[in-house]
Amino acid sequence: MAIKIANGENNAVSVCFVDLMEFRVLTSEFIDSPLFSQVEQCIVGIAPRECLVHVDNGISCPFSGRERPKKLSALLKKVGVLETSASSVADVCDWEEVSNIFRPGCDYSSLSQSMKRCLCGLYNYLKMTEQEAYVRKFSLSDFRTSGFMHIDAGAVRALELFSLSYHQDAKGSTGTVYGLLNKCRTAPGQRLLREWLARPLCDLRQITDRQDVVESLVANSEVEFFL
């Protein structure tokens, strides 16, 4: 995952996530609060292990000044994500080479320069240029923060969604909400269930539609047997 904090009065943030397991790139850009609440929402939903942080020199604004990078660092520490300064990674590269990771027909023309910088940093950091298996394999989608309930890291711990708060050394998900609900047979299914728990829908119609789809799959014995 890579985050870029833009220079200026608005706390403009660009977020880019590269999933090497499912061959997907997720992007999101927004004006965040001084405490980076939307960034926290992205981290809870995506669950990255490490984050490259790009910070423009000379950041100054009325409400945070030079404290902005420190607040982001404090957030990453709170949610347990390893912070890596992008200054140690080249974030400039041949964009035509980077764009070769996207599937044919994938429209990446709307990506901002900040987003391209984040993706270039991840491309170099993950040494994707050395892997021919990544060529034309990745999808590109927008990671929306609107339309979902905002669950911060404190709520995740209190609800024991993915880990037991009273036993910090406990391994696995046994006893957690995720552990009780997880009946998935495949890794993609497990990741999707985790995403659903971390990002609950707010729209009743979308919730009902999701329930109807799950119910139809469970009720159809032939489909269930095939899956």
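Is Cys184 buried, partly exposed or exposed? In this predicted model, Cys184 is partly exposed, its relative accessible area being 28%.

**View 1. The open sheet is built from 6 strands.** The strands follow the order β5-β4-β1-β2-β3-β6, and their pairing is mixed.

**View 2. Strands β1 and β2 pair in the antiparallel sense.** Strand β1 covers residues 2-5 and strand β2 covers residues 12-19, with 4 bridges between them. One of the residues involved is Ala2, whose bridge partner in β2 is Cys16. Helix α1 (residues 37-46) packs on the sheet and touches β1, β2 and β3 (24-31). The direction of helix α1 makes about 160° with that of β3.

**View 3. Asn11 occupies the loop between β1 and β2.** With a relative accessible area of 1%, Asn11 is buried, because the limit for a buried residue is under 20%. A polar atom of the Asn11 side chain lies 2.9 Å from the backbone oxygen of Ser33.

**View 4. Cys120 and Cys184 are shown with their accessibility.** Cys120 has a relative accessible area of 5% and is buried, whereas Cys184, at 28%, is partly exposed. How many disulfides does a search of the whole structure find? The search finds 0 disulfides.

Conventions
Residues numbered from 1 in each chain as written. Predicted model: local features only at pLDDT ≥ 70, side-chain atom pairs only at ≥ 80, totals over all residues. Heavy atoms only, no water. Pairing = 2+ DSSP bridges. Helix = DSSP H or I, 4+ residues; strand = E, 2+ residues; numbered from the N terminus. Contact = heavy atoms within 4.5 Å. Axes fitted to C-alpha atoms, helices over the stretch in contact; angles between N-to-C directions. Buried < 20%, exposed > 50% of the residue type's maximum accessible area, 1.4 Å probe, protein only. Polar contact = N/O pair within 3.5 Å; in protein donor to acceptor, adjacent residues only side chain to side chain. Disulfide = S-S within 2.5 Å.
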